[in-house]
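Colleague: Please put the model up. I would then like to question you on it.

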Amino acid sequence: MDVEEVDLLVIGGGKAGKSLAMDRAKAGQKVAMVERGMIGGTCINVACIPTKTLINSGRILEIVRRAEEFGISGVEDPRMDLALLRHRKDDVVGTMVKGQFSSFTDSGMDFILGEAKFTGPRTVHVDLNDGGTRVLRGTDVVVNLGTEPALPPIAGLAEARVQTSNTLLELESLPESIVILGGGYIGCEFADLLNTIGVDVTIVQRGNQLLGREDEDVSAAVKKAFIDAGITVRLGAAAEAIQRAADGSVTVTLDNGETLSGKDVLVALGRKPMTDGANLEATGVVLDDRGFIGVDEQLRAADGVWAAGDAAGTPQFTHASYDDYRILKANLAARHGDGEARTTEGRLIPYTVFITPELGRVGLTEQQAREAGHEVRIAKMPVAAIPRARTLGQTEGVWKAVLDRKTGSILGVALLGTEASEAIAVVQMAMLAGLDFTAVRDAVITHPTIAEGLNLLFTPAYLED
Ligand SMILES: Cc1cc2nc3c(=O)[nH]c(=O)nc-3n(C[C@H](O)[C@H](O)[C@H](O)COP(=O)(O)OP(=O)(O)OC[C@H]3O[C@@H](n4cnc5c(N)ncnc54)[C@H](O)[C@@H]3O)c2cc1C
Ligand SMILES: NC(=O)c1ccc[n+]([C@@H]2O[C@H](COP(=O)([O-])OP(=O)(O)OC[C@H]3O[C@@H](n4cnc5c(N)ncnc54)[C@H](O)[C@@H]3O)[C@@H](O)[C@H]2O)c1
């Protein structure tokens with residue numbers, strides 16, 4: 001079969017790959033992108049966009065339940081209607097997928113729906129979804145294959161028809177109760193959502209805290225918020241076996257011998273790269289023992305082959321994959337003699353866990369700062385101190401900042417509170433600008449906003465001596 005030659009061949013249409021493919025195609029290059037099915041990638045189809053749409057509905061339900069507190073009468077018995085909820089989620093996702101498809105084709109790229117498998121250096125064989133095959137070779141190849149739910153070898157898991165973050169999005173009826181395995185981002189976000197919409201939730205986490213990468217006090221505040229909301233939290237226990245009975249109910253056996261039962265079970269135990277079957281070795285790419293692609297700090301995986309996003313070991317966030325796109329754009333140009341190369345070193349990557357209240361994070365935790373040798377100064381303030389939180393009726397949570405005692409620079413913050421997803425960007429900008437805490441404390445910030453809390457956080461009332 002003839003080999004079709006292109007300037008840029010993108011395998012997997014994730015955030016980095018699709019952004020680069022559109023950009024390069026618009027710039028006049030001959031670009032082909034092969035995607036096996038999810039037009040727009042994981043984020044739009046089964047991750048950030050559908051989950052945050054559902055979470056938003058959960059939050060609205062919670063507000064409506066509190067209608068009287070907000071001065072509204074006549075709202076009786078509000079409940080989540082799963083069919084309507086799914087309809088809204090499908091509508092948001094469907095509109096975005098449609099928009100992506102138009103953007104791909106309008107860019108001038110050759111968008112190919114099919115399964116790609118490497119057969120040689122920078123060369124793939126594609127089984128087209130609507131039949132037939134193509135073989136393509138790129139002068140440069142970018143691999144952006146993403147991740148999927150990991151299903152670890154827990155006894156009985158394979159037979160127990162467990163839910164994952166993908167299948168939960170398509171539920172036709174809500175279970176009365178659910179056991180969630182894993183207290184990471186996905187476990188916590190679904191625990192909060194499902195609890196809000198009326199499911200009895202038990203969350204099981206192997207480590208001694210939810211969200212294991214956070215400071216202990218921050219995780220403890222998340223645990224308290226969960227318990228106050230009615231979620232059962234089991235820490236320091238790992239699932240060892242899962243069994244689904246004939247009536248559909250599920251029993252999970254923990255490593256301490258305890259058993260938990262529920263009408264369903266969600267496995268949220270991390271994600272594995274979708275590199276199986278892509279035969280990346282044929283193009284000189286080296287995979288680690290978990291299947292992640294080895295890349296250098298310029299995201300180079302082999303000669304003329306680059307990799308990006310989750311499967312390349314980038315922190316698993318859409319905005320991090322998007323930054324990989326910027327790095328690849330710079331490095332592909334630099335390789336052809338145009339401009340400076342960029343690396344992934346020293347990137348400041350924030351994130352938000354969309355629970356109630358939200359946890360926004362950027363920079364170092366207190367523990368990381370101490371381990372890095374900083375002399376640390378902590379500021380800590382209850383969210384209830386922020387006037388805007390009072391007007392919103394959302395006073396739960398705590399803000400914590402980690403400062404360098406000698407320089408006053410902001411090393412990191414954990415904002416657990418309403419609208420933390422927005423406020424975290426304010427702190428991130430201050431950090432990028434190299435502002436010390438006094439500049440943030442003394443900035444004139446609009447009243448009454450949540451960001452205004454940054455004026456308060458660094459006052460003597462909340463900043464340790
Ligand atoms: C439930 C959930 C919620 C999340 N929420 C957030 C959030 O709120 N904010 C955030 O920043 N991040 C969130 N994430 C993480 C985020 O979704 C990922 O980090 C992001 O989508 C990474 O995308 P990527 O660029 O690695 O590639 P992906 O978007 O995963 O794209 C890879 C593509 O490659 C395709 N592919 C794979 N193999 C082949 C092949 N052989 N041939 C052709 N195509 C192939 C796949 O179909 C896929 O479309 C969430 C993740 C999950 C699971
Ligand atoms: N809001 C966001 O940005 C967002 C939301 C969802 C997911 N994500 C991304 O998706 C990635 C994957 O999320 P995740 O929650 O699946 O993984 P994770 O790694 O964050 O959490 C998995 C958790 O499961 C625990 N665990 C492992 N084995 C266990 C067992 N047998 N029993 C009980 N607990 C066990 C681990 O200790 C860990 O805390 C995250 O790293 C994140 O980057 C981001």
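Colleague: How many charged residues does the shell around ligand 2 have?
Modeller: A residue belongs to such a shell if its C-beta atom, placed from the backbone, lies within 6 Å of the molecule. Ala, Val, Leu, Ile, Met, Phe, Trp, Tyr, Cys and Pro count as nonpolar, Asp, Glu, Lys and Arg as charged, and the others, Gly among them, as polar. By that scheme the shell around ligand 2 has 12 nonpolar and 10 polar residues, and its charged residues number 3.

Colleague: Before we go on, which pLDDT must side-chain atom pairs reach to count?
Modeller: Residues are numbered from 1 along each chain as its sequence is written, while chains are lettered from A and ligands numbered from 1 in the order in which they are written. This is a predicted model: totals for chains, interfaces and linings use all residues, local features need pLDDT of at least 70, and side-chain atom pairs count only at pLDDT 80 or more.

Colleague: Which element gives the most to the shell around ligand 2?
Modeller: Helices (H or I, at least four residues) and strands (E, at least two) are DSSP runs, numbered from the N terminus. Strand 8 (200–205) and strand 17 (351–353) are among the elements that each supply at least two residues. The top contributor, with 4 residues, is helix 5.

Colleague: Which residues come nearest to ligand 2?
Modeller: The shell around ligand 2 holds 25 residues. The nearest of these are G182, G184, I186, R206 and Q316.

Colleague: And ligand 1: which residues are closest there?
Modeller: Helix 1, strand 2 (31–35), helix 2 (41–46), helix 3, strand 3 (110–120) and helix 7 each supply at least two residues of its shell. By class, the shell around ligand 1 has 15 nonpolar, 15 polar and 6 charged residues. Of the 36 residues around ligand 1, the closest are G12, G14, G41, G146 and G309.

Colleague: Is D310 buried or exposed?
Modeller: D310 lies in the loop between strand 16 (305–307) and helix 7 (318–335). Two residues are in contact if their C-beta atoms, placed from the backbone, lie within 7 Å. Beyond four places in sequence, D310 is in contact with G146, T147, R271, P273 and Q316. With 30 other C-beta atoms within 10 Å, D310 is therefore buried.

Colleague: At what angle do helix 1 and helix 4 pack?
Modeller: K18, M22, A25 and K26 in helix 1 (residues 15–26) meet S103, F104 and S107 in helix 4. These contact residues divide into 3 nonpolar, 2 polar and 2 charged. Axes are lines fitted to C-alpha atoms, for helices over the stretch in contact, and angles run from 0 to 180 degrees between N-to-C directions. The two axes lie 8 Å apart, and the angle is about 35°.

Colleague: What separates the C-alpha atoms of M96 and G40?
Modeller: M96 is in helix 4. Leaving out residues up to four places away in sequence, M96 touches G40, I44 and I49. M96 and G40 are 56 residues apart along the chain, and their C-alpha atoms are separated by 8.1 Å.

Colleague: How far apart are the C-alpha centres of domain 2 and domain 3?
Modeller: Domain bounds come from an automatic or database domain assignment, which gives domain 1 (4–148 + 273–335), domain 2 (158–269) and domain 3 (357–457). In the contact between them, 6 residues of domain 2 meet 11 residues of domain 3. The side of domain 2 that touches domain 3 has 4 nonpolar, no polar and 2 charged residues. The distance between the two centres is 30 Å.

Colleague: Which residue does a cis peptide bond join to T356?
Modeller: Omega of this bond is about -5°.

Definitions and conventions: Buried ≥ 20, exposed ≤ 12 C-beta atoms within 10 Å, placed from the backbone.
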